[in-house]
Amino acid sequence: MWPKKMDHMSPRLRAFLSEPIGEKDVCWVDGISHELAINLVTKGINKAYILLGQFLLMHKNEAEFQRWLICCFGATECEAQQSSHCLKEWCACFL
């Protein structure tokens, strides 16, 4: 069930992948900084499952999702890459 590279993941990513999303706040997603979380929450994306839903609506297209985070919420390129990778890995584990 777990990716083979689990040992090489950041503690935050490992924690996110350790269980279903449930009602986790959006700030639990690896790559979402405090500032980015505020921008997301301000526009109604307060839960990780809502962010995951957007990722799925974009057909798990990481590049498109990253552009969306950068353009609409002011994410840095690094934040966008980390968060899309986090959601992609979560999908691989749970979907």
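Modeller: Let us begin with the largest nonpolar core, which has 27 residues; F16, L40, L51 and L69 have the most contacts inside it. A nonpolar core is a set of buried Ala, Val, Leu, Ile, Met, Phe, Trp, Tyr and Cys residues joined through side-chain atoms within 4.5 Å. Buried means under 20% relative accessible area, exposed over 50%, and partly exposed in between, with a 1.4 Å probe and protein chains only. At least two residues of this core come from each of α1, α2, α3, α4 and α5, and α5 provides the largest share, 5 residues. Helices (H or I, at least four residues) are DSSP runs, numbered from the N terminus.

Biologist: On what basis do these values rest?

Modeller: This is a predicted model, in which local features need pLDDT of at least 70 and side-chain atom pairs count only at pLDDT 80 or more, while totals for chains, interfaces and linings use all residues. Residues are numbered from 1 along each chain as its sequence is written, and side-chain values use heavy atoms, with hydrogens and water left out.

Biologist: Which residues does L40 touch, not counting residues up to four places away in sequence?

Modeller: Contact means heavy atoms within 4.5 Å. On that basis L40 touches V26, I32, I45, L51, L69 and F73.

Biologist: How many salt bridges does a search of the whole structure find?

Modeller: Side chains of opposite charge can pair when their charged atoms come close. A salt bridge is a side-chain nitrogen of Lys or Arg within 4 Å of a carboxyl oxygen of Asp or Glu. The search of the whole structure finds 3. In one of them, K47 pairs with D25, with the closest N and O atoms 3.3 Å apart. This pair links distant parts of the chain, 22 residues apart: K47 is in the loop between α2 (34-42) and α3 (48-57), and D25 in the loop between α1 (11-17) and α2. K47 is buried at 16% relative accessibility, whereas D25 is partly exposed at 37%.

Biologist: Where do K88 and E62 lie?

Modeller: Their side chains meet in a salt bridge of 3.4 Å, N to O. K88 lies in helix α5 (residues 77-94) and E62 in helix α4 (residues 62-73), so the pair ties together parts 26 residues apart in sequence.

Biologist: Is S83 buried or exposed?

Modeller: S83, in helix α5, is buried, at 0% relative accessibility. A polar atom of its side chain lies 2.9 Å from the backbone oxygen of E79.

How values were computed:
A polar contact is a pair of N or O atoms within 3.5 Å; within protein, one must be able to donate a hydrogen and the other to accept it, and residues adjacent in sequence count only if both atoms are side-chain atoms.
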